[in-house]
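Please go through this predicted model with the notes below.

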Amino acid sequence: MHTLETLDDYLLERVAKHLDIVTLARLAQTCRKLYYLSWPVVDLSLVTHKPCSRVSSASIVPWQYIISKRPQKLVISSIYDISRTTIDPLLIFRLSSLRQVILCFITIDFALTSEIQNALKVCKPNISRIEICGVFISGKNLGGILSALSLYSHSLQHVVLSSMALTPMAMSALATLLAGGACRANIKVLEIDNCYAKSFDVLGQALSETVSLTKFYLTAGNSEQCSLEPIYLGIADSRAPINTLAFTYMPQLDIFCCSVQEMIENASFLKHLALPPVQPDRNDLHSIISTLKRKDTLISFEWSGITLTVTAILDLWEWVMESTCLQHLTLKHCDLAGPNHLKNNIVQSSVKALAGGKLRSFNISGSDLFISRNIRRHIIPITVKRKIEFIYSVES
């Protein structure tokens, strides 16, 4: 029988990986072995928010002790000004074990930006992922940090920017990081979520020049005026092995059908695609579905929040039936337009497609496709028989 003393450090560290820092601190007080145990994940977001207090508890965190735990992932989160705390970027980035740094809801002023830039230059850390979420920082300072990352972080593979303003200066630095920095050959994932931007022209050009990107997520945009067409054209011209593209919850004035088609045709490695919830006209809708059917390389496809004509949904079911790749289809909150007597054709086509295709999951939550009792009566049995994961909202 194994006891705590007989378990090796590797197993104990795997357990510690799932514990918050408060529990880890208490655990370290139980015995000498656990006191000297490494902490793979240090998440300070659980101790930096004190109700009814105007002083962040981050200011009293024993940083030297935390650094001695050799964390691989460090999460720094505070609703207060982090520049007033005792955090030393040199101590953090000098840590050889560190692979992930997450900064969320903190304030980074010019002085702290300079310290971070200097620390990156001196230490050249081996971090593979950096996430900057909801940080209170000027566009100039954000651009400075991104520029320093592009120059000195050779191992960086995953960049996440969330709930921030991407000014032209910050966007230019991001483009350099993606296509011209020291980590150009390593950047594989770029996520931009709920960020404000005036233009994607510079980013689109960078996407056309990147060589290593495999996944690109651009979700929850801020403005209908910020066109996605430069992104589509940049990906169409890119030599990178991009296999995942997601543009969910991105309001747009136009679908830019020709650019979308060009992107689908030229993205040879594309396997997962989510188009923005932009309503195309009837001809554009037919053209895009025809392009998807002709290319037939996608494993998963999502196009939510649009109105599908009867002709379009019949074309879609034909693609599902004939496709040799498509396994996951998502049509959430989609309306169905067309005369009622033609909608009966959908039942036969859907049953035939689900029975003959390779679909493994089908999500039509909140969609008009599931309102008809006739469709429900025929779709549910075939999904059960084929073991297809069928997701629909309770309201339907």
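## Helix 6 against helix 7

F110, T113, I116, Q117, L120 and K121 of helix 6 meet N141, G144, I145, A148, L149 and Y152 of helix 7. Contact means heavy atoms within 4.5 Å. By class, this contact has seven nonpolar, four polar and one charged residues. Ala, Val, Leu, Ile, Met, Phe, Trp, Tyr, Cys and Pro count as nonpolar; Asp, Glu, Lys and Arg count as charged; the others, Gly among them, count as polar.

Helix 6 spans residues 110–123 and helix 7 spans residues 139–152. Their axes come within 9 Å and cross at roughly 5 degrees. That makes helix 6 roughly parallel to helix 7. Axes are lines fitted to C-alpha atoms, for helices over the stretch in contact, and angles run from 0 to 180 degrees between N-to-C directions. Angles under 35 degrees count as roughly parallel, over 145 as roughly antiparallel, 65 to 115 as roughly perpendicular and the rest as oblique.

## Basis of the model

The model is predicted: local features need pLDDT of at least 70, side-chain atom pairs count only at pLDDT 80 or more, and totals for chains, interfaces and linings use all residues. Residues are numbered from 1 along each chain as its sequence is written, and side-chain values use heavy atoms, with hydrogens and water left out.

The protein has 15 helices and 17 strands. Helices (H or I, at least four residues) and strands (E, at least two) are DSSP runs, numbered from the N terminus. Buried residues make up 50% of the 396 residues. Buried means under 20% relative accessible area, exposed over 50%, partly exposed in between (1.4 Å probe, protein chains only). Take contacts between residues at least 6 apart in sequence: 83% of them join residues at least 24 apart.

Strand 2 (residues 73–77) and strand 3 pair in the parallel sense over five bridges. Two strands pair if DSSP finds at least two bridges between them. L74 stands opposite V101 in strand 3. Strand 3 is mostly covered, with four of its five residues buried.

Strand 3 also pairs with strand 4 in the parallel sense, over five bridges. Here I102 stands opposite E131 in strand 4. The chain crosses from strand 3 through helix 6 to strand 4, and this β-α-β crossover is right-handed. A crossover is right-handed if, with the strands pointing away from the viewer, the path from the first strand over the helix to the second runs clockwise.

## I130 in strand 4

Is I130 buried or exposed? At 5% relative accessibility, I130 counts as buried. I130 sits in strand 4 (residues 129–133). Leaving out residues up to four places away in sequence, I130 touches V101, L149, L156, H158, V159 and V160. I130 and L161 are 31 residues apart in sequence, with their C-alpha atoms 8.7 Å apart in space.

## Two positive phi values

F105 is found in the loop between strand 3 (100–104) and helix 6. Its phi is near 55 degrees, a positive value in a residue other than glycine. F105 is partly exposed, with a relative accessible area of 41%.

S163 lies in the loop between strand 5 (158–162) and strand 6 (165–166). S163 has a positive phi of about 55 degrees, although it is not a glycine. At 34% relative accessibility, S163 counts as partly exposed.

Strand 10 (residues 244–246) and strand 11 (residues 272–275) pair in the parallel sense over three bridges. A246 has A274 in strand 11 as its bridge partner. From strand 10 the chain crosses through helix 11 (residues 257–266) to strand 11, and this β-α-β crossover is right-handed.

Strand 11 pairs with strand 12 (residues 300–303) in the parallel sense over four bridges. The bridge partner of L275 in strand 12 is W303. Strand 11, helix 12 and strand 12 make a right-handed β-α-β unit.

## Helix 12 against helix 13

The axes of helix 12 (residues 282–295) and helix 13 (residues 310–322) come within 10 Å and cross at roughly 5 degrees. That makes helix 12 roughly parallel to helix 13. Helix 12 contributes L285, H286, I289, L292 and K293 to the contact. Helix 13 contributes A312, D315, L316, E318, W319 and E322. By class, the contact of helix 12 with helix 13 has six nonpolar, one polar and four charged residues.
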